[in-house]
Amino acid sequence: FQVCHARKGSLPTLALMAAASVLFSAAYAPAHRIGAVPALRRPLAARVPPALLDGSAEDGAAFSAAAQLGREPGTCDPYDPKSAEYCSPPEPAPSSLKRTVRLGVLFFLWYSLNTAYNIGNKLVLTAFPMPWTAATWELFFGFPYVFLLWSTGLRKTPKISLESIKLLAPSGILLAGTHVGGVISFGLGAISFTHVLKATEPVWSALISALFFRDFLPLPVYASLVPIIAGVSLASLKELTFSWMSFIAGTGSAVTSAAKAILSKKVLDGKSLGENLTPANMFAVLSILGFCAILPVSLALEGPAKASAAWSAALAAGYTTPYLLKLLACSGFLYYIYNEVAFLALAEVAPVTHAVTNTVKRVVIILASILVFKTTITPLGAAGSAITVAGALLYALAKNKYK
């Protein structure tokens, strides 16, 4: 993100993108050649749900992935990378040095790219305060990347029918809602506070499941939600950058993320959606659907006239056109690539490891954003943030234990 922040010279930015792409490709390439873990030698369709994390499905999977692992139907969460409810080997085989190193690289890239995206996105919104435009651009930015892979044969092109697109459209819309809600909250408040709000996702997941699907959780799992609610209340009470719009947008991001995860379990789990729908391709498809969904809204709320005025204001404030373009390019690239790295890392670990690493990631982002932007945080706000993040981890562990 420091390279993106440089005002002159585009070569460092291109070098950063190239380096990240090379590291990502190197980490991805051995994904199907790991010999240390028997579960990973099997085709992906034999060990994960038809869709994984933020959109993933294996070629023509027409069976219930939950049943394949001896679980009750609907217990796999194929779309949400922040939830521990996806299907993965509960007890991975002992790790070889090669697999350990690979996972270390993947998690390092995930944390680094995610943190860099959050900081880069905040820089974009500080210079060019148009959150809908920025979110739409970030969803679009992955298109050239995946189209290059598809057209050159480096990645198989997905084949999906119109009916499958109709089934996936709600998930794409919810993905876009999750993203734009987070971007709006980032622009109006502190990154740290937005991530505290995003950590309330388990509360909304439990509420939506109970109200709309009559799906109730054990009492200890509900009890684990109390620290989340209490922590957010404390953090909001003493948040120096608090604004209701930031609060509503950040909470909306958590609600749509929870709804997307539930939709994947209740509606899409086990359905055959097409061919070549690998995890990476499903994320690409959902990003395209999400972009198409929010583009009209973005144009209606922040049309060319408003965007042009905001751009002129940024230039008047001392920013340059190359610098602004560089920020937008970095933000879009980092958003797309960190999501791809995230599902690669999380697809290979058990739910408990998933929950722990996701909690650590959130802490890393909060601390990094406080240091970079010199965000002032009160002791009560810090305590509330810590309680909320710890509560999210406690919920994931409790739900895994009592599932």
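Modeller: A crossing counts as right-handed if the near helix is turned clockwise from the far one by less than a right angle, and as left-handed if anticlockwise. By that rule, the crossing of α8 and α9 is right-handed. Keep in mind that this is a predicted model.

Colleague: Which residues of α8 and α9 meet?

Modeller: Thr178, Gly182, Ser185 and Phe186 belong to the α8 side, and they meet Ile191, Thr194, His195, Leu197 and Lys198 of α9. Contact here means heavy atoms within 4.5 Å. The two helices, residues 162-188 and 191-198, pack at an angle of about 145 degrees with their axes 9 Å apart.

Colleague: Why are α5 and α16 called roughly antiparallel?

Modeller: Angles over 145 degrees count as roughly antiparallel. The packing angle of α5 and α16 is about 150 degrees, with 8 Å between their axes, and the pair is therefore roughly antiparallel. Their crossing is left-handed.

Colleague: What is the distance in space between Ser112 and Leu334?

Modeller: From C-alpha to C-alpha it is 9.8 Å, while in sequence Ser112 and Leu334 are 222 residues apart. Ser112 is in helix α5.

Colleague: Why does Ser112 count as partly exposed?

Modeller: Buried means under 20% relative accessible area and exposed means over 50%, with partly exposed in between. Ser112 has 31% relative accessibility, so it counts as partly exposed.

Colleague: How do you know that the buried residues of α15 line one face of the helix?

Modeller: Those residues are Ala307, Ala310, Trp311 and Ala314. Viewed down the axis of α15, they fall within an arc of 100 degrees, so they line one face. Residues three or four places apart in an α-helix point the same way, because there are 3.6 residues a turn. The face turned away from the buried side of α15 carries the exposed residues Ala305 and Ala316. Among the elements covering the buried residues of α15 are α5 (97-127) and α16 (321-346).

Colleague: What follows just after α15?

Modeller: Gly318, with a positive phi of about 110 degrees.

Colleague: What makes the phi of Arg214 and of Asn276 worth a remark?

Modeller: Most residues other than glycine have a negative phi. Arg214 is not a glycine, yet its phi is positive, at about 55 degrees. Asn276, also not a glycine, has a positive phi of about 60 degrees. Arg214 lies in the loop between α10 and α11, and Asn276 in the loop between α13 and α14.

Colleague: Are Arg214 and Asn276 buried or exposed?

Modeller: Arg214 has a relative accessible area of 60%, over the 50% cut-off, so it is exposed. Asn276 has 12% relative accessibility, under the 20% cut-off, so it counts as buried.

Terms used. Residues are numbered from 1 along each chain as its sequence is written. This is a predicted model: local features need pLDDT of at least 70, side-chain atom pairs count only at pLDDT 80 or more; totals for chains, interfaces and linings use all residues. Side-chain values use heavy atoms; hydrogens and water are left out. Buried means under 20% relative accessible area, exposed over 50%, partly exposed in between (1.4 Å probe, protein chains only). Helices (H or I, at least four residues) and strands (E, at least two) are DSSP runs, numbered from the N terminus. The arc is that of the directions from the helix axis to the C-beta atoms. Axes are lines fitted to C-alpha atoms, for helices over the stretch in contact, and angles run from 0 to 180 degrees between N-to-C directions. Angles under 35 degrees count as roughly parallel, over 145 as roughly antiparallel, 65 to 115 as roughly perpendicular and the rest as oblique.
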